[in-house]
Amino acid sequence: MSGPPFRVVVVGIDGSRESEAALRFAAEEAKLRGALLRIVCASEPSASGNLGAAFAPTPDEFVHAEHHAEEVLRGALQQLKGEPLEVEAVAEEGGPAAILLEQAAGAELLVVGSRGLGTAKRLMLGSVSHDLAQHARCPVVIVRE
């Protein structure tokens, strides 16, 4: 006897107000779908990392990103009514689009904010949400604040 398929809703957060709105939307969707909510905080080394070790991100910065994801989630879940959600928090180093695409493999839904805390350079070359909308193998919701 097999149960229902394992369901996952993935949300990318970075601490911006848009990503907090995306987190609230994703939590509500996960609740409605009876799905696991996977919160992904991708930390990309800054451009200043090329200037030397003194400017490179430290491991503590990535640990902070994971703790920040949990704090944002707790705030969003306090606003929800009903059953508690099953939640998984993931913090990884690398390009946000690549990490989110990997984490959303097999997911029912991928949710991101319309704009994040990215650099002006990234905005000129194309945003993470644009990359996800073009390459994700599941539906993508881009939430505005």
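**View 1. Glu108 and its partner Arg33.** Glu108 is partly exposed, with a relative accessible area of 24% (buried means under 20%, exposed over 50%, partly exposed in between; 1.4 Å probe, protein chains only). Its side chain meets that of Arg33 in a salt bridge, 3.0 Å from N to O. A salt bridge here is a side-chain nitrogen of Lys or Arg within 4 Å of a carboxyl oxygen of Asp or Glu. The pair joins distant parts of the chain, 75 residues apart: Arg33 sits in helix 1, Glu108 in the loop between helix 3 (96-103) and strand 4 (109-113). Helices (H or I, at least four residues) and strands (E, at least two) are DSSP runs, numbered from the N terminus.

This is a predicted model: local features need pLDDT of at least 70, side-chain atom pairs count only at pLDDT 80 or more, and totals for chains, interfaces and linings use all residues. Residues are numbered from 1 along each chain as its sequence is written, and side-chain values use heavy atoms, without hydrogens and water.

**View 2. Arg33 and Glu29 within helix 1.** These side chains form a salt bridge at 2.8 Å, N to O. Arg33 and Glu29 are four residues apart in helix 1 (residues 17-33), so about one helical turn separates them. Arg33 is partly exposed at 28%. Glu29 is buried at 18%.

**View 3. The linked network.** Salt bridges connect Arg7, Glu29, Arg33 and Glu108.

**View 4. Arg38 and Glu88 across two strands.** Their side chains meet in a salt bridge, 2.5 Å from N to O. Arg38 lies in strand 2 (residues 36-43) and Glu88 in strand 3 (residues 87-93), 50 residues apart. Arg38 is buried at 14% relative accessibility. Glu88 is partly exposed at 30%. The whole structure holds four salt bridges.
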